Amino acid sequence: MSVYINDMATFLPNAPVSNDAIEDVLGRIDGYPSRLKRTVLKNNGINFRHYAIDPKTGQMTHTNAQLAAEAVKRLKPYGDFTTDHIQCLCCGTTSPDLLLPGHGLMVQGELGLPPCEVITGAGICLSGMIAFKYGYMNIATGMSRNAVCVGSELSSSFMRSSFFSTVPEAGADVEKRPLLAFDTDFLRWMLSDGAGAAFLSGEPNPDGLSLRVDWIDYTAFAGEYDTCMYSGGIKTEEGRLIGWRHLNGDQAGNQAAGRMYPMAVKQDIRQLDRNIVGTMKRALEATISKHGLAAGEVDWFLPHYSSLYFKDKFYRGMADIGFELSCERWFTNLSEKGNTGAAAIYIIMAELFHSGKLKRGDRLLCFIPESGRFSHCFMHLTAV
């Protein structure tokens with residue numbers, strides 16, 4: 001059975017935050033400005049982002065479930081559809097409000113939906129696509145007539161200065177040694193909040209444009225690569241990961257200058273730079289072989305990359321394997337909407353879907369990488 005995206009919607013909390021105002025919202029660690037912020041922002045190409053934080057009080061304005069619910073409420077696929085008609089709700093996020101119950105159930109509760117099937121996709125950027133693929137397969141196999149798929153993030157919740165309870169090391173000189181380890185401070189200037197939702201059905205819109213989902217490929221390389229991006233634990237000097245369950249009070253506390261905050265999100269950017277393009281090329285080569293995909297047949301390329309720094313690297317990587325896509329065919333809104341993780345591809349797709357730029361017959365290739373242990377997703381859509 002064919003599956004169609006009949007509407008998309010987004011929700012970005014509060015007013016956009018410029019680069020100059022970030023620390024006014026997130027706060028400064030122990031009152032000191034970050035020494036790393038300017039360099040990271042120069043490279044990532046992000047000019048504005050959204051935070052679910054009241055800039056006056058520093059308090060959170062939304063939960064993750066509320067962000068997701070707001071995106072779902074904005075869906076208007078056709079006719080008199082309401083959220084009461086949802087048969088399958090699929091939600092993915094990196095940053096759920098609770099360890100349990102599942103994030104999808106919290107979104108269902110926030111929406112007050114009647115009984116329906118609910119799935120939670122876990123992971124990092126690909127958690128939104130895991131949720132999407134479940135909804136797609138549910139309809140394709142005839143298990144349900146429609147599905148609402150959501151990607152959402154509340155990254156600011158663990159980027160605020162109040163999240164880092166610092167106890168300065170005796171004799172520490174913050175002018176020479178940062179208050180936060182590089183792998184933690186780096187991400188404070190990379191991630192932001194938002195949600196996107198898609199309505200999927202076995203029938204195209206009776207009026208207006210739909211996107212037919214032709215296929216979704218998801219490839220993980222965790223059996224070959226160490227963990228690169230993580231939260232809920234610490235990494236020892238030997239490179240061994242210790243999860244939060246196995247940390248005792250001493251290890252979980254503030255330790256030395258690096259301060260190992262177990263719940264903070266961390267990323268090894270050296271490993272990221274070394275492996276992200278190579279694994280993308282391998283995943284894309286497999287997809288090309290599987291589907292007979294040719295670069296000349298792609299009208300729109302929708303990449304979710306975390307930083308503008310990687311755009312040229314991905315471009316050259318694809319060109320290396322004979323899959324060169326001119327920049328005129330790339331569509332992204334990273335600079336204005338920020339890096340919203342699992343929500344990003346939804347927010348990119350929704351902007352193009354409602355832009356008036358698509359015409360029937362256009363072919364879209366979506367690309368979503370994840371650096372957790374290096375996974376990649378490619379999705380092909382056709383405008384009908």
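The model is predicted. Helices α3 and α4 pack at an angle of about 60°. Residue N146 sits in strand β6 and counts as buried.

**Packing of α3 and α4**

- Two packed helices are described by the angle between their axes and the distance between the axes.
- Helix α3 spans residues 64-73, and helix α4 spans residues 103-111.
- Their axes lie 8 Å apart, at an angle of about 60°. That angle makes α3 oblique to α4.
- The crossing of the two helices is right-handed.

**Residues in the α3–α4 contact**

- Helix α3 contributes N64, A65, Q66, A68, A69, V72 and K73.
- From α4, the partners are H103, M106, V107, E110 and L111.
- By class, this contact holds seven nonpolar, three polar and two charged residues.

**N146 in β6**

- Strand β6 runs over residues 146-154 and includes N146.
- N146 has 8% relative accessibility, so it counts as buried; the cut-off for buried is under 20%.
- The N146 side chain reaches the backbone oxygen of H85 at 3.1 Å.
- A polar atom of that N146 side chain also lies 3.0 Å from the backbone nitrogen of Q87.

**Surroundings of N146**

- Leaving out residues up to four places away in sequence, N146 touches F81, H85, I86, Q87, C88, I139, F199, L200 and S201.

Technical notes
Residues numbered from 1 in each chain as written. Predicted model: local features only at pLDDT ≥ 70, side-chain atom pairs only at ≥ 80, totals over all residues. Heavy atoms only, no water. Axes fitted to C-alpha atoms, helices over the stretch in contact; angles between N-to-C directions. Helix = DSSP H or I, 4+ residues; strand = E, 2+ residues; numbered from the N terminus. Parallel < 35°, antiparallel > 145°, perpendicular 65-115°, else oblique. Left-handed = near helix turned anticlockwise from the far one by under 90°. Contact = heavy atoms within 4.5 Å. Nonpolar A, V, L, I, M, F, W, Y, C, P; charged D, E, K, R; others polar. Buried < 20%, exposed > 50% of the residue type's maximum accessible area, 1.4 Å probe, protein only. Polar contact = N/O pair within 3.5 Å; in protein donor to acceptor, adjacent residues only side chain to side chain.
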